[in-house]
Amino acid sequence: MSENKQNPADEIFQSIQSSPMSDADLLVAPLLLQGIKKVEIGEEKQALEVFRTATIQSPQSFKACYLLGRTALSLEMFADAMNALGNALALDPENIEVKYLIAHTHILLDMVEEAAGELQEIVSSTPDFVDAYYDCGVALQLLGRYDDAIVIFLKRLEISPDFDTAVMCAMTFEMVKNYEQTEKYYALALSLDPENIMVIESHGQTLMELERYEESLEDFNRALVLDSTSPDALCGRGQTRFHLGDVENALQDFQLTVKLDSENVIAWSMLGQIWLYQDAYEEALKCFNQALELDPELLIYDFRASARRCLGDLHGALADITLALEFEPTSVEYMIDKGSILMDMDRLEEALRTFNTVVKMDKGADAYRFRGLTYMEMLEYEKAIDDFTVAEKLGTENPDVFLRRGEAFYQLGEAETAFSDFSHARELAEAEGDVEFAQKCERLIVQMRAFEQEI
């Protein structure tokens, strides 16, 4: 429950004064009034003892039991609260307010299963008892019953818009990755509290999930106007800028984030990715190490594997990509990375087994391309040609496929077919603007033509 949400029991506590008194209540009316006045001036501990005395003098007084239980609950004396509220319920078995307080106490005691059942019964039997909906939704969410929680939160919001319920509803939709609805209810919460920085940041993160990056950027900038040193807003803005291609400003945001919050794993991870893309492998590795030290289950082992591979640490790279596969065993991308690292290590038989698995898993152009490259290293040119040809049929436009297939054809004595592939590889590279690769293809054509003429 959020800090700014008034405990509904406070209102219940105030209303007890205006309700009719039984004969048992009248016996201790002066004590009840004395205790209530002490509560009103903040002397709850003294009030507790007054109400306790009242229950001893008049055990059948519902109000004495109720006020004792309510005051004990406020003081987090849960055992006393449950005992007194249980006595109150025995005196008035249908009292919905007492039932609610007992359920609320169960939540505070982490007896969530009991609370959920009690609260569902309350909202079912007394649908106009608004205060029970929030707690009921929270209890169901804690139990992982997200769909049921959403139903309860939506019913509460139908009765009247409520900030805390809107936030919890958004959070629950987020847990089931329904980001459209998540955004809708964070927006509702912001309409009720426009300057709540935590909700502004959460709304921005949701817009990022929806790839609405310009709007996301507006949210994070808005949060930073309210608090220029918010690490979450800075990190969120950095992520948004990164997605928008503004890498330099994203880098600055992440650097400032880790200065303000040295344990921000997302910022460390993003710093590592930016350094990796900029070929600053040592810096990237430091950032990835820092992120993984803070959270060993952060799924960036593939990025650290790339940094280690580029630094020549092939054994470290293989260990990292193997770890990545433990987290995501069906990732074709990780399997391809593993096979490529094994090729770099000249462990060709293992690489071939890995790419055979990739072909079974995916049957995409890249799967055949990488297995073809392995066959090339193993000098099995006919098998390589078969795989490169399948990659071509699957629509690959990768110039390296045609260059390497050309090399395989040339090794098998099919020079003209090889030159055709070299030319096509050059054309694809030129279309992509890869001047260096196009020049490589041209040099190969010239050299091999010269060699053919000498023969």
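A polar contact is a pair of N or O atoms within 3.5 Å, one of which must be able to donate a hydrogen and the other to accept it. The close-up views below are taken from a predicted model.

Figure 1. T172 is placed in helix 11. The backbone oxygen of M168 lies 2.7 Å from a polar atom of the T172 side chain. T172 counts as buried because its relative accessibility is 0%. Apart from neighbours within four places in sequence, T172 is in contact with Q141, Y146, A149, I150 and F153. Among these partners of T172, Q141 is one of the buried residues of helix 9.

**Figure 2. Helix 9 and the helices that surround its buried residues.** Helix 9 comprises residues 131-142, and ten of its twelve residues are buried, so that the helix is mostly covered. The buried residues are A132, Y133, Y134, D135, C136, G137, V138, A139, L140 and Q141. They pack against helix 7 (96-108), helix 8 (112-125), helix 10 (146-159) and helix 11 (163-175). Just after helix 9, G144 adopts a positive phi of about 80 degrees.

Figure 3. Helix 21 covers residues 332-344, which makes 13 residues. Buried positions in helix 21 are Y334, M335, I336, G339, S340, I341, L342 and M343. These buried residues pack against helix 19 (301-310), helix 20 (314-327), helix 22 (348-361) and helix 23 (365-377). Just after helix 21, D346 has a positive phi of about 65 degrees.

**Figure 4. The largest nonpolar core and the setting of F422.** In soluble globular proteins, nonpolar side chains tend to be buried together. The largest nonpolar core of this model has 76 residues, of which F254, L271, I321, F355, L403 and F422 touch the most other members. Helix 17 (residues 265-277) supplies the largest share of this core, with eight residues. With residues up to four places away in sequence not counted, F422 touches F402, L403, G406, E407, C441, L444, I445 and M448. A second, separate core of 66 residues includes V50, F129, A139 and A170.

**Figure 5. S58 in the loop between helices 4 and 5.** S58 is located in the loop that lies between helix 4 (44-57) and helix 5 (62-74). Its relative accessibility is 3%, and S58 therefore counts as buried. A polar atom of the S58 side chain lies 2.8 Å from the backbone oxygen of A24. Once neighbours within four places in sequence are set aside, the contacts of S58 are A24, L27 and V28.

**Figure 6. S216 in helix 14.** S216 belongs to helix 14 (residues 213-226). With a relative accessible area of 0%, S216 is buried. A polar atom of the S216 side chain lies 2.8 Å from the backbone oxygen of G204. Not counting residues up to four places away in sequence, S216 touches G204, L207, M208 and T240. S216 and Q205 are eleven residues apart along the chain, and their C-alpha atoms are separated by 6.8 Å.

Figure 7. With a disulfide taken as a pair of cysteine sulfur atoms within 2.5 Å, the count comes to zero disulfides. C169 is in no disulfide, and the nearest cysteine sulfur, belonging to C136, is 13 Å away. C169 is buried, its relative accessible area being 0%. C235 is likewise in no disulfide, and the nearest cysteine sulfur, belonging to C287, is 12 Å away. C235 counts as buried because its relative accessibility is 4%.

**Figure 8. Confidence of the model and residues 1-9.** The mean pLDDT of the protein is 92, and 95% of its residues reach 70 or more. Over residues 1-9, pLDDT stays under 50. For residues 1-9 the model has 18 contacts beyond four places in sequence.

Terms used:
Residues are numbered from 1 along each chain as its sequence is written. Side-chain values use heavy atoms; hydrogens and water are left out. Helices (H or I, at least four residues) and strands (E, at least two) are DSSP runs, numbered from the N terminus. The expected span of a helix is 1.5 Å times one less than its number of residues. Buried means under 20% relative accessible area, exposed over 50%, partly exposed in between (1.4 Å probe, protein chains only). Contact means heavy atoms within 4.5 Å. pLDDT is the predictor's confidence in each residue, from 0 to 100. A nonpolar core is a set of buried Ala, Val, Leu, Ile, Met, Phe, Trp, Tyr and Cys residues joined through side-chain atoms within 4.5 Å.
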